[in-house]
Amino acid sequence: MRRLIPARWLDALRPDDTARQELPGDLVRESRRRVRVAAAIGAAAYAVFLAFESSGVVESTPLEHRIDLIHDIVGLGLCALLLLVASHRALSDRSVLVAALVVEVLLSLLISLAVPWATFVRTGHAQALTWVVPIIILFAVLVPAPPRTALVVSSLCALTMPFGLAVLAASGRIVAPVPEYLASLLTVAIAVGIASVASRTIYRAGRQIAAARTIGSYELLERLGEGGMGEVWKARHLLLARA
């Protein structure tokens, strides 16, 4: 029965404190707007890095220059793609949030391969701390995903750091001693912990808002107006799935 009837309908049949609540639509729409802004900022940042790298102001070896160029071009493409997806009105809000999580993993993998390689070419040492750490924390705040989903995605992003070191070391591009792996695991473990707490707090707050807006079999969507006798709200019947 649980597989045949949607969770929202089951909640309407048992509207109590234990019912599962989905996030309010306005919260999901606001998250989509934040993803769009973050994607635009990321695309602009990568565009600046690309222009700066192409100008030749910073001295670098030809190999390091190629690595940085490819990194900037691919990163710019991923951010621009996410911006287009978030701006496409035909796509649902939840589809955009899923796309944001996918881009988060791809960006983490890109950074985990490019940054340690370029750093090793320049200094002879692999870099354990990269932009993957703030990305993990940032996306946990931007995208209101269920705690388990947020933990899985954050863990995948975290694993890209030691994975990148292992791939580069196995291919002979860098030399990564064991302490580098331990340092990368420690930094991303802290980031995953912070991201898990943040995502759980935000998601629970959203569900509490949804529960507070549920009256019987109706979910309050948005306030249309107010007067001396009270307020008028647009609502959706959970069982009939209509306004």
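**Salt bridges and a sheet**

Modeller: Arg122 is partly exposed, at 49% relative accessibility; that label covers the range between buried (under 20% relative accessible area) and exposed (over 50%), with a 1.4 Å probe and protein chains only. Keep in mind this is a predicted model, where local features need pLDDT of at least 70, side-chain atom pairs count only at pLDDT 80 or more, and totals for chains, interfaces and linings use all residues. Residues are numbered from 1 along each chain as its sequence is written, and side-chain values use heavy atoms, leaving out hydrogens and water.

Colleague: Which residue does Arg122 form a salt bridge with?

Modeller: Glu64, with the closest N and O atoms 2.6 Å apart. A salt bridge here is a side-chain nitrogen of Lys or Arg within 4 Å of a carboxyl oxygen of Asp or Glu. The pair links distant parts of the chain, 58 residues apart: Arg122 is in helix H4 (residues 93–123) and Glu64 in helix H3 (residues 62–87). Helices are DSSP runs of H or I, at least four residues, and strands are E runs of at least two, numbered from the N terminus.

Colleague: And is Glu64 buried or exposed?

Modeller: Buried, at 5%.

Colleague: How many salt bridges in total?

Modeller: The count is 5. One of them joins Arg33 to Glu30, at 2.7 Å between the closest N and O atoms.

Colleague: New topic: in what order do the strands of the sheet come?

Modeller: S1-S2-S3, in an open, antiparallel sheet. Strands pair if DSSP finds at least two bridges between them. S1 (214–215) and S3 (230–237) each have a single partner strand, so one side of each lacks a neighbour in the sheet.
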